[in-house]
Amino acid sequence: MRFASLGSGSRGNSLIAEAGCTRVLVDCGFSLRETVARLARLKVEPESLSGILVTHEHDDHVGGVARLASRFRIPVYLTHGTLRGAGEFGEAEIAVIDSHQRFAVGDVEVEPFPVPHDAAEPVQYVLGDGARRLGVLTDIGEPTSHVVRVLKNCDALVLECN
């Protein structure tokens, strides 16, 4: 499993992770142009993305999702509350997820988990490839025992602190 941050801060957040032949973004808070440029620095074509996992509806996490997903036909995975709070996603393919139910995007095992945050139905993710687990924890209020339990056996943890 490999991962890299495209950026983290109040002007935008996004992280790319890959396992096997699958690449996913966690959030996309940058403009289409900026996201494509940041992916290019990593030698990644947007067409190679298998999905966008959205954590919550705040613009610095979801602001570029609709355009990127629509332009490059990338499926978007998010909770019902995040979908309701974020509004329109254009022509993007939307997959509503359960915040407690694991699923797969190609070779990436995705474990969403709910977190306390000032959003409609926010989640964070643990991504795995069968051998390694990457925890992604961007926006959270207070850590809960559930959050600690989910992240306990991760091999790596990406924290956003801004």
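Q: Where is the place of Gly-90?
A: Gly-90 is in the loop between α4 (80–86) and β6 (94–97). Helices (H or I, at least four residues) and strands (E, at least two) are DSSP runs, numbered from the N terminus.

Q: What kind of model is this?
A: This is a predicted model, where local features need pLDDT of at least 70, side-chain atom pairs count only at pLDDT 80 or more, and totals for chains, interfaces and linings use all residues. Residues are numbered from 1 along each chain as its sequence is written, and side-chain values use heavy atoms, with hydrogens and water left out.

Q: Back to Gly-90. Buried or exposed?
A: Exposed, because its relative accessible area is 62%. The cut-offs: buried means under 20% relative accessible area, exposed over 50%, partly exposed in between (1.4 Å probe, protein chains only).

Q: How far apart are Gly-90 and Ser-70 in space?
A: They are 6.5 Å apart, C-alpha to C-alpha. In sequence, 20 residues separate their positions.

Q: What do β5, α4 and β6 make?
A: A right-handed β-α-β unit. Right-handed means that, with the strands pointing away from the viewer, the path from the first strand over the helix to the second runs clockwise.

Q: How many bridges pair β5 and β6?
A: There are 4, in the parallel sense. Two strands pair if DSSP finds at least two bridges between them. Leu-78 has Val-96 in β6 as its bridge partner. Strand β4 (residues 51–53) also pairs with β5 in the parallel sense, over 2 bridges. There, Ile-52 has Val-76 as its partner.

Q: Which way do the β5 residues point?
A: Val-76 and Leu-78 point one way, Tyr-77 and Thr-79 the other. All are buried.

Q: New topic. Which residues have the most contacts inside the largest nonpolar core?
A: Leu-25, Ile-52, Val-65, Leu-68 and Val-76. That core has 20 residues. A nonpolar core is a set of buried Ala, Val, Leu, Ile, Met, Phe, Trp, Tyr and Cys residues joined through side-chain atoms within 4.5 Å.

Q: Which elements give two or more residues to this core?
A: They are α1 (32–41), α3 (65–72) and β5 (76–79). The largest share, 3 residues, comes from α3. Apart from this core lies another, of 18 residues, among them Ala-17, Tyr-77, Ile-97 and Phe-103.

Q: Why would such side chains sit together?
A: In soluble globular proteins, nonpolar side chains tend to be buried together.

Q: And the open sheet: what order do its strands have?
A: The order is β7-β8-β9-β10-β11, with mixed pairing. The edge strands are β7 (103–105) and β11 (156–159), and each pairs on one side only.

Q: How do β9 and β10 run?
A: Antiparallel, with 4 bridges joining β9 (residues 123–128) to β10 (residues 133–137). Val-126 is partnered with Gly-135 in β10, and Gly-128 with Arg-133. Their hairpin has 4 residues between the strands, and Gly-130 takes a positive phi near 95° there.

Q: What about β10 and β11?
A: Those run parallel, joined by 4 bridges. Leu-134 stands opposite Ala-156 in β11. With helix α5 (residues 145–151), these two strands make a right-handed β-α-β unit. As for cover, 4 of the 5 residues in β10 are buried.

Q: Last one. How many disulfides does a search of the whole structure find?
A: It finds 0. A disulfide is a pair of cysteine sulfur atoms within 2.5 Å.
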